[in-house]
Amino acid sequence: MDTREEILQILKERGEILQKDLWKELNIDSSKCSRILRKLEKEGLIKRVEVVVDGVKTFKIVPADAEVEEEKEEELSLKAIMERMEEITGLPPCFGCLEKECEATKCLKLEVWFLKKAMLG
Amino acid sequence: MNVLQAEELIRELIERVAGEIGVIIYELRPKKEFTDEELSMELGIEINEIRRALFALYELGLAEYRRKRDDETGWMEYYWRIRYDKEKEVLRRELLKTKRKLEEKLEDETATVYYICVNGCMKVNYEQAMEFDFTCPKCGAPLEFFDSSLAIEKVKEEIRKIDEILSNL
């Protein structure tokens, strides 16, 4: 099975996958992955939907016939993020964060950590 | 820092980045190079999950690989090695980065007056709050002055804690 087929197979099995996870799973580099995906999209075999995951833009890859709701840009809904990050305690989220270019004052995860400190100590 | 604390920190770090499988791989302490396939067989874990964890460890700087084409199948094989020798370096880097980010945050929070929606929809600075007439544009609830004093103290405490860990590392 070549990489293209492997991607289509994964989509068939799971329905969707994030581009940032896909290239790691396939053991190919990220630029090769996006090249193949662009091509597959052009051929009408898949759709790439821009999404924001933990404040970072990536693509969600879905089969071409999948119905996709327009995903809104992630907003600063502290409540929603806080619920999602229930388990984050201890050291701030920066510890182990692989985001290369970040601004501490714009990071939602850090904001949530900070707010928890403000409320819970 | 005692060995136990360093071990806990590295485990926490790996768990955050490479998940539980990352921790399992790391604690396996393989003596020699291995392929993702071998590891998958040995641990009985899906190869994709193994790969994902290995690449996460790689991004963290705790694993490296070399690629070699398999003569029989023609496929690229990845030979992995965990860099236990990098452990301290990686921990130090992550702690220093965390400290730097906390300092940035601290500076901003000290210098800016923030308002927060009582329902937690958003946090905005004074100018923005004024523009919104101190009413959350999302839910209509009041935007209230955000008292950051406790959090600021906690952040300072956190920085001190990180400094202490660093000095013992």
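Begin by selecting helix α2 (residues 19–26) of chain A and helix α3 (residues 30–42) of chain A, which pack at an angle of about 110° with their axes 9 Å apart; helices here are DSSP runs of H or I with at least four residues, and strands are runs of E with at least two, numbered from the N terminus. Because angles of 65 to 115 degrees count as roughly perpendicular, α2(A) and α3(A) are roughly perpendicular to each other.

This is a predicted model, in which local features need pLDDT of at least 70 and side-chain atom pairs count only at pLDDT 80 or more, while totals for chains, interfaces and linings use all residues. Residues are numbered from 1 along each chain as its sequence is written, and chains are lettered from A and ligands numbered from 1 in the order in which they are written.

Next, select Q19(A), L22(A), W23(A) and L26(A) in α2(A), which meet S30(A), C33(A), S34(A) and L37(A) in α3(A), contact meaning C-beta atoms, placed from the backbone, within 7 Å.

Now turn to the largest nonpolar core, where A18(B), I25(B), A53(B), L54(B) and L57(B) touch the most other members among its 40 residues. Such a core is a set of buried Ala, Val, Leu, Ile, Met, Phe, Trp, Tyr and Cys residues joined through C-beta atoms within 7 Å, buried meaning that 20 or more other C-beta atoms lie within 10 Å of a residue's own. Colour α1(B), which gives the most to this core, with eight residues.

Finally, select the second, separate core of eleven residues, which includes L22(A), W23(A), L37(A) and I46(A).

Conventions
Buried ≥ 20, exposed ≤ 12 C-beta atoms within 10 Å, placed from the backbone. Axes fitted to C-alpha atoms, helices over the stretch in contact; angles between N-to-C directions. Parallel < 35°, antiparallel > 145°, perpendicular 65-115°, else oblique. Contact = placed C-beta atoms within 7 Å.
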